[in-house]
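Here is a colleague's note for someone opening this structure for the first time. Please keep the sequence and the 3D view side by side while reading.

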Amino acid sequence: MASESRLYTFSGETKEHLRKFRLSTSRAKDPQAVIYLVDKSTHEIRQDDDKTVYSTLEEIGDDLPDHSPRFVLLSYPLTLSDGRASVPYVLLYYLPDTCNAEMRMIYAGAKELMRSTSEAGRVIDIECVEDLEDLPKILASD
């Protein structure tokens with residue numbers, strides 16, 4: 001991890017936002033998500049859109065680019081088959097088939113640092129916006 005932490009950076013503001021987002025979503029009643037990108041020139045990991053918090057999987061899908069990877073932090077409240085409430089906090093690693101090799105390498109290198117810094121419980125890889133439709137089933141199966 002030492003090499004990733006030297007190559008990729010988070011601003012103090014981004015780290016604080018990650019912490020606040022994780023804490024504020026732990027008891028949420030509705031899904032909440034934030035999209036992050038890696039700046040190609042500076043390798044800074046930052047929020048994609050000015051403080052937008054998404055509340056549906058459809059909204060997330062609408063804002064994911066067709067040809068560029070993204071990280072999505074998702075807090076998704078659900079009721080498990082035994083009736084217990086659960087709020088999984090996961091990192092979605094969005095890597096469309098159509099993105100170029102350079103961007104694939106940049107995001108692959110930042111993936112573990114993003115997971116550990118955000119304190120996400122697990123990483124779920126998705127290749128297309130349609131994969132978002134299967135998320136409730138994937139999250140409930142654990």
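Predicted model: local features only at pLDDT ≥ 70, side-chain atom pairs only at ≥ 80, totals over all residues.

1. **The main core.** Start with the largest nonpolar core, which has 23 residues. Tyr-36, Val-38, Ile-45, Phe-71, Leu-73, Tyr-107 and Met-114 have the most contacts inside it. Several elements each supply at least two of its residues: helix 2 (12-25), strand 1 (32-38), strand 3 (70-75), strand 6 (89-94) and helix 4 (101-118). Helix 4 gives the most, with six residues. In soluble globular proteins, nonpolar side chains tend to be buried together.

2. **A second core.** There is also a separate core of 19 residues. Its members include Ile-35, Leu-64, Leu-80 and Leu-132.

3. **Around Tyr-107.** Which residues does Tyr-107 touch, leaving aside its neighbours within four places in sequence? Its contacts are Leu-37, Val-38, Pro-69, Arg-70, Phe-71 and Tyr-93.

4. **Aromatic pairs.** The count comes to three aromatic pairs. One of them joins Phe-21 and Tyr-89. That pair is tilted, at 6.3 Å centre to centre and 45° between the planes. Phe-21 sits in helix 2 and Tyr-89 in strand 6, so the pair links distant parts of the chain, 68 residues apart. Both Phe-21 and Tyr-89 are buried.

5. **Phe-71 and Tyr-107.** These two also form a tilted pair, with 5.2 Å centre to centre and 45° between the planes. Phe-71 lies in strand 3 and Tyr-107 in helix 4, so the pair ties together parts 36 residues apart in sequence. Phe-71 and Tyr-107 are both buried. With Tyr-93, Phe-71 and Tyr-107 make up a cluster linked by ring pairs.

6. **The buried face of helix 2.** Thr-14, His-17, Leu-18, Phe-21 and Thr-25 are the buried residues of helix 2. Seen down the helix axis, they fall within an arc of 105°, so they line one face of helix 2. An α-helix has 3.6 residues a turn, so residues three or four places apart point the same way. The buried residues of helix 2 pack against strand 1, strand 2 (45-47), strand 3, strand 6 and helix 4.

Technical notes: Residues numbered from 1 in each chain as written. Heavy atoms only, no water. Core = buried A, V, L, I, M, F, W, Y, C linked by side-chain atoms within 4.5 Å. Buried < 20%, exposed > 50% of the residue type's maximum accessible area, 1.4 Å probe, protein only. Helix = DSSP H or I, 4+ residues; strand = E, 2+ residues; numbered from the N terminus. Contact = heavy atoms within 4.5 Å. Phe/Tyr/Trp six-rings, centres within 6.5 Å; stacked < 30°, edge-to-face > 60°. Arc of directions from axis to C-beta.
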